[in-house]
Amino acid sequence: MELEHLYSNIPPQFLFHYTSATGMLGILSSGSIWATEARYLNDAKELSNTLNFVIYEVVQRLGSTDPEEFEVLKQFESWLRDRVSSGHAIFVVSLTENGNLLSQWRGYTPSNTGVSIGFDAARLKTMAAAVGFRLGRCIYDINEQSEIVRGLLNEILVGAKRCGPAPANVKDPSQSYYQLFEDLEEKIFLGAALLKHHSFKEEAEWRLVSSLVQQYRDAPIKFRLGASCLVPFLTFNLRDEDGGLTVVRRAFVGPTPNPNLAMHAVTIALAQYVKGSHVIVNSMLPLRQV
């Protein structure tokens, strides 16, 4: 699994982030956006999607893999189960190619006050690289996902043959390839962060993905209150070197009973906070109130 290949897609001119009017004001006033720890994203099963592919591939290899290789794969499956639930942290900002999609307004913004902020994608990618983030397009195709997982398993088997089994690890006595898996952990999770269930394909999602955070004490992790627990996040700085906010270039105003007033307010807000030219668009989607 080559990370550079997974994160090599050239993004469209603009990438959008759906939020509330309050969320937009927070992004503009702070000059930053929140990157949520991957385990706390809306789809709680995202990381386990990769685990499911690994389990499937291990089962597929039952009859054709020699006992030594199968032992490595079974250990990896066990290790991954643990890491998916309680491994090191990786943080994600969700973006999309489509800034005016009805399902996105319904799923990711509150009724009547949604805003879709459009960022200059090339500029965003440059800013990400400077702070240890990567910008990648999510992968929905099942065959492509399976190919990625098979490549990962082959890489693990090659590494296992090269280094051989180690003495029992104090962290997990049942794991004789623990160090190999740990050495590949960042690569595994950076890949897993882009694998999404095919039913979400319409979202055309791109992600800003952080490097793996292993030491929590000194990491700049913050917390917000979620529906049932605290949610860890990092702030991703959107300001230029001179402190200006030029990466924001578009905004869609979502369905609302007062579109003209909403458009006017967003126009004023962007004029106050954003440097350079920008475009504000009414979503023009029908509002249904029940």
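This briefing walks through the chain as a whole and then looks at one residue, Arg 207. The model is predicted. Its chain holds 10 helices and 10 strands, and buried residues account for 49% of its 290 residues.

**Overall build**
- Start with the dimensions: the C-alpha trace of the chain spans about 70 × 40 × 35 Å along its principal axes.
- Now look at contacts between residues at least 6 apart in sequence: 83% of them join residues at least 24 apart.

**A closer look at Arg 207**
- To find Arg 207, go to strand β6, which covers residues 205-210.
- Is Arg 207 buried or exposed? Arg 207 counts as buried because its relative accessibility is 2%, and the cut-off for buried is under 20%.
- The side chain of Arg 207 has a polar atom 2.7 Å from the backbone oxygen of Ala 193.
- Which side chain does the side chain of Arg 207 meet in a polar contact at 2.7 Å? That partner is the side chain of Glu 205.
- Taken together, Arg 207 is a buried residue in strand β6, with a side chain that makes a polar contact with Glu 205.

Key:
Residues are numbered from 1 along each chain as its sequence is written. This is a predicted model: local features need pLDDT of at least 70, side-chain atom pairs count only at pLDDT 80 or more; totals for chains, interfaces and linings use all residues. Side-chain values use heavy atoms; hydrogens and water are left out. Helices (H or I, at least four residues) and strands (E, at least two) are DSSP runs, numbered from the N terminus. Buried means under 20% relative accessible area, exposed over 50%, partly exposed in between (1.4 Å probe, protein chains only). Contact means heavy atoms within 4.5 Å. A polar contact is a pair of N or O atoms within 3.5 Å; within protein, one must be able to donate a hydrogen and the other to accept it, and residues adjacent in sequence count only if both atoms are side-chain atoms.
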